[in-house]
Amino acid sequence: MAAASDGAGQGMVYTSQEIQDQVRCFVQGSTYKSKVSCEELAKSALFLLRTLPSARHAVLEHLCTVFDESVNTHVLQIELGSTISSTAMPNLDSVIQDSSGFLMSFIKINPGAWAPIISSWSINLLGHISSKYAERRGALHASGFNELLQMWMTCTATKTLIDLASECFASLIGSSPDVCVDALLEASVKYSPHFDWVVAHLGSCFPQTIITRVLMCGLKDFCYHGSSQSDAAISSVQNIPKMASVVGILGHLAGQHGQDIRKALLALFRDSLRPDAERLQQSTTPFLLHLASMSSMLLHVLTTDFVHTLTPDILNKLAYQFVQQKSPSLQDSKSLLSLVVHLITKSGEGAYRVIQFLLDVTDLNCEKELVPEVRATCAIILDTLVLDLQRIVHRRCADPSTELPILQALQSNALKLCTNLVTHGDTRQKRLTKLLCYVAIYSGESCASDILAHVLIHSREINELSAFVQMTTELETRYPDILPTTVGVAINKLQQFNMLDGGMMLKGLLNVVQWERNSVHQDSKDKISVSRCLQDHIPAIATQLSHSDPITCLAAIQLLAEIRMHKMSTSNVTRICGAFVTFFFKVLKSKDAVYVASALSCCREVVKQLTRSPTASNTLLRFLMEGATAEENAVLLGGREQLSGLSTSDINQLEPALLNANREHSVSLALPRAHSSVFHAGIIGQGLKTRAVGLLLTKEKELANKQAFLGLVWICCCGNAQSQNPSVLQKDGNEPFAGTIHNIRLLPAALNYLAKCLVELTAPDVVYNALHWPEEEFMKVTIERDLQIKKTFDSNPVLWDVMDLISTGPSSLCFCSCIIRGIMATLIAYWDSSRDKMARNSPKQLEASCRLLDCMAKDNPPIPDTEDIQIARDCDVKYTQTIRAVLHSNIDSQGQHYARFFSAEPHQPQPQ
Amino acid sequence: MDNLRLHYLQQLDFPECTKVGLQHIEEYLSQGSQRSGGGGRIPGLGGSTSDNPAQQIAQEFVFFHTSRRPYHQRLSAIQELQVLEILCNHFHEQRDSKKAMALFDVLFGNAGQLEVLCRLVSMGVAVQCKSLLYCAAIWMELQGCTSPNPTKLCKMLVDDYCLLVPSATSVLCGLPHISRRFTCNFMTSVTSLYPFSGDQCPPYALVEMITEWINKDPGLGLVSLTPADKSVIQKTQGRYGQVAQPWLSKVQTPIPGLAHWCIVAPLTQEAIRAKLDNRHGETAMETEHTNNTESKNLQIYSKLNVGIIQTMVSVNPEQSKIYLTMQDMFLLVKTVTGLIQQIANPTENDSVQTALDRLGQFFQVAKGTGGLQCDKGDLSRMCQSLPSNRFLEILQQQTEAS
């Protein structure tokens, strides 16, 4: 450095002879003509640098070899593990240091003149050295970028060079940064991969300047090449050499200075939109687009950050700029548009935003003040994009390895897009539908079914329904089984815990099913339809009947009513029936007449569907009966609570909250570790729960409820018969019970079952339940039971109606004989002890007697088609004596009934 | 014979072949002069063909511009330095200026090797090669000192000695000792290089140097007025036949250019000051710095002005050489007017008055020493577009009175 300082300052004047000598010495030394020592050579080189300006090229060239040699030594040392002692090239380092000191001082004294020379020299030399030694073993094992940087930075020569270069940059950056950046770019083009570390190092020294300058240089180059070959500009953009190195450099800096790059790009873009932008700046947008096409990193910036800046105002400006630009040939703008589309297909993370943005802009409903051209262009872009995607996606079938980043990115946002589809309706539907289709096709069946399911359960309007249908049609070509999977997914979602919009989801399903029913397609049997798929998920839907939200329940029952049920396992049947019956009684409790009406009509439909299988109809009957006699429901069907014999506080407990709470658990799937049942009787400290005041029903309501209940029971008993004669049901579906009963054959088996049910529910014990009429003495034994039966009938008057129904069967009433006997016994006992003149004075008993006789009259004597009944009819003579006597005395008027009671056979009164 | 000679040269290695090649060229030239002396050759026809053997040798063995040796297509910078050294030595040893000029003409006459020429001259300055610089001076005159090629040469010299290696400026200072003619032509070129348009001022070191030269040796600016030895140019007549004729009638001197500098400098200074005033937020140190350079500049230019006047006065009126035309004057006035328009309130501005005073002086002295031929109305036409200046007014009155 000492030599440098006195050399750089005002040195002494040298004679021409001295200079000539030194030139000779230098030339001879550097061309190896005569042996000149390394130090001497260096000395004369530096001397010439100070005194003979025209020799500087030669001196710098000489320094090149010095640096090169030093690097060579360094690499050798690395390769051989420093077995070469430093004595072999002893003074290279000091030479390097001296010369770098000189050059540094030159830069400091007159940066304007020296910095461009030295920077281009050092950069070129660095390029040369790094590419020359790149293949060497020592450099090879420094495979990583950082290791390479490390290796070169430990080498004195290269470190000195890069210091010189950065010194030049530092001094030039204020005045004319283009000079050094140009040199850097050119070197980067020339020595491409090996030179990267230099770019990275210099770039990280002056990130801001380098980035902006590199961009500017790229822009200039782009403009130049673009204008010189405007016809084929776009196609040949890849051939502009500087573009590649611009991208390369930015790529290197992206890691540490991503934010700077982002800012620089944004600033470039913003500047180009200024009203006073130059022609150069006006081609910024195409330039940026081309840049992005060459680097995914830049594309990422473009798609994530730039989209935010594209406000209507800026879009309008852009449009204006493009119109303004000198003769943008049609060809040009077309290729630019196709580039944009291409970029969008390549975009990753930001894809969703971009699509969203395009949709927003093209949406005519949005109230942004946009130039029509912008809107039209965006529409073209979007349409082209959709077409492109279609092509790519379908071609991808042949070659599944093709990556399509946009679809990959959209995959994660697919549900948001779906929501978009649902919320924005018609305007964007067509494009979105297509787009979603391609996302679905791209990302495989499970995702496809997710998307479809989302659309399905969110579709409310006919538009969305059509979107669903369109998508299904499109996707079925690719995934034939998509529909069942979709339905499965939808149902799974339904069962997710705390799913609040279950009602909406069910409605979506309902819409589709209804549409399917009405559409022509339904006729083609082999087509998979949603409703057919839903058949597998009936239990899941049925559980929704227990949902606390009446709308959800209604939707569920409506949906169930639409589905044709086929054979199910017993457990499923039990679950469905249980849920259904609970729901039914819940409906009866409701005060909303419209709701009740629609729900009940659906209930009937569901029962019709359920009773296709005898198991189901039996189960349903049993559950219905149990429900009807359950004390919380008794009131609904005209039961009198005061007769229940419970204490007043118990009477009010019409809605056992705990039971309801537990029932609601069945709506959702039981999660592991989650409690699946509730046990509590109140809140600690508040004592027992206060009970809801029992509801009081009007007579009409009671009647209606009863009718609804019996209607269901009746349908159950019809069994398959109804399907043979559906017209009857259709005609007066509202009141199936009234009047038509004798026109339809009820199933004897069902009625028998009903009868047995009734017995089971009313008779408290099994003391004697045989069909045979017991001995008279035996009646005394069953008094208590008889009273019990009577009481049950009193508190559940609907049982009379049930018994009525049973009595319509040919022999079913037999199965109720113990009940009949019980009630009869109670009534006889009453009438025996009654001292009233008129039977009317005890109306309840009278009514009960009438109803009992009515029932017995219908079936008694039963048609003797079984052995048991035959025996049962042969009752003891002593019981028939009175009747015989009455008939005898009134034979003139009642003679036609004699045959009913007494067989004409001679042996009839059997002597005992 | 020529082929034999070429073949022989091709056998030689690099530095040798250049040395021998130069000798061959000289031999050939001397033969040629004998031949043309014998009247065998018509001037203007023979010499300029490219297949001239001398040219061929120069291209192939001095500049190595040939397709015949692919491996030698470009010399490295060190080899180039070697060639320069050989050339310098050769010119140094060549005492006969005629021969030197002939060689120079063969080498650089068609200006194809301007780069090499620039470096060679730059080196010649450093090693004080007189004959080389003399040849260069003649070359400049033949080309026209303000034409692009000589200007480029001078720019290179200024860059080398004033900007890149300030420590070597002293070498350039000794230029008049090496070749007065070259110095004179150098000044002419340099003044056209820095026309003071915009902010482009000549480097301070350069102005200082020129001022020193002129003040020390007032005749320096007029060297080019004495025509060069005709026999020297004769050799090159073939090439420059057409150019050489006007050269004899119209000679370029540094005087108009230097006068231009002196007159325009205060105005430019004023413009720069105005610009600085507009730019606020300057630190006190910066202001001080600019003030310092300003006063330094003013000083140096007034010194230069004195030098120019002295030069002009030193002309022997009887010899009366015209070194200035009215065309030069009008061009100067046009520039001055343009600059004055940028300055507010010009009549009361000191710088403007200084400039106008100098203009007047310059006009007066030039006219007085017979360097300028003008009509009566010329001065008043000149003053039309200029703001009022007392000295100019007096001059006008004098002219009218006479």
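**Exercise 1. Chain A by itself**

Find what share of the contacts in chain A between residues at least 6 apart in sequence join residues at least 24 apart.

*Solution.* 
Step 1. Take the contacts in chain A between residues at least 6 apart in sequence: 74% of them join residues at least 24 apart. The model is predicted.

**Exercise 2. The contact between chains A and B**

Work out how many residues each chain brings to the contact, and how much area chain A and chain B bury between them.

*Solution.* 
Step 1. Count residues. Chain A supplies 34 and chain B supplies 23.
Step 2. Recall how interface size is expressed. It is often given as the accessible area lost when the parts come together.
Step 3. Apply this here. Chain A and chain B bury about 2500 Å² between them. Carbon and sulfur atoms carry 63% of that area.

**Exercise 3. Polar pairs and the chain A side**

List the salt bridges and polar contacts between chain A and chain B. Then say which helix of chain A gives the most residues to the side that touches chain B.

*Solution.* 
Step 1. Search for salt bridges across the interface of chain A and chain B. There are two.
Step 2. Look at one of them. Arg24(A) pairs with Glu85(B), with the closest N and O atoms 3.0 Å apart. The cut-off is 4 Å, so the pair qualifies.
Step 3. Count polar contacts. Five residue pairs are in polar contact between chain A and chain B, both residues being at pLDDT 80 or more.
Step 4. Pick the leading helix. H2(A) gives the most, with eight residues.
Step 5. Sort the side of chain A that touches chain B by class. It has 16 nonpolar, 13 polar and five charged residues.

**Exercise 4. Cysteines of chain B**

How many disulfides are there over all chains?

*Solution.* 
Step 1. Recall the bond. A disulfide is a covalent bond between the sulfur atoms of two cysteines.
Step 2. Search the whole structure. The count over all chains is zero.
Step 3. Cys135(B) is buried, because its relative accessibility is 1%.
Step 4. The cut-off is 2.5 Å.
Step 5. Check accessibility. Cys154(B) has 0%, so it counts as buried.

Terms used: Residues are numbered from 1 along each chain as its sequence is written. Chains are lettered from A and ligands numbered from 1 in the order in which they are written. This is a predicted model: local features need pLDDT of at least 70, side-chain atom pairs count only at pLDDT 80 or more; totals for chains, interfaces and linings use all residues. Side-chain values use heavy atoms; hydrogens and water are left out. Buried means under 20% relative accessible area, exposed over 50%, partly exposed in between (1.4 Å probe, protein chains only). Contact means heavy atoms within 4.5 Å. Buried area is the accessible area (1.4 Å probe) that two parts lose on being put together, summed over both. A salt bridge is a side-chain nitrogen of Lys or Arg within 4 Å of a carboxyl oxygen of Asp or Glu. A polar contact is a pair of N or O atoms within 3.5 Å; within protein, one must be able to donate a hydrogen and the other to accept it, and residues adjacent in sequence count only if both atoms are side-chain atoms. Helices (H or I, at least four residues) and strands (E, at least two) are DSSP runs, numbered from the N terminus. Ala, Val, Leu, Ile, Met, Phe, Trp, Tyr, Cys and Pro count as nonpolar, Asp, Glu, Lys and Arg as charged, and the others, Gly among them, as polar.
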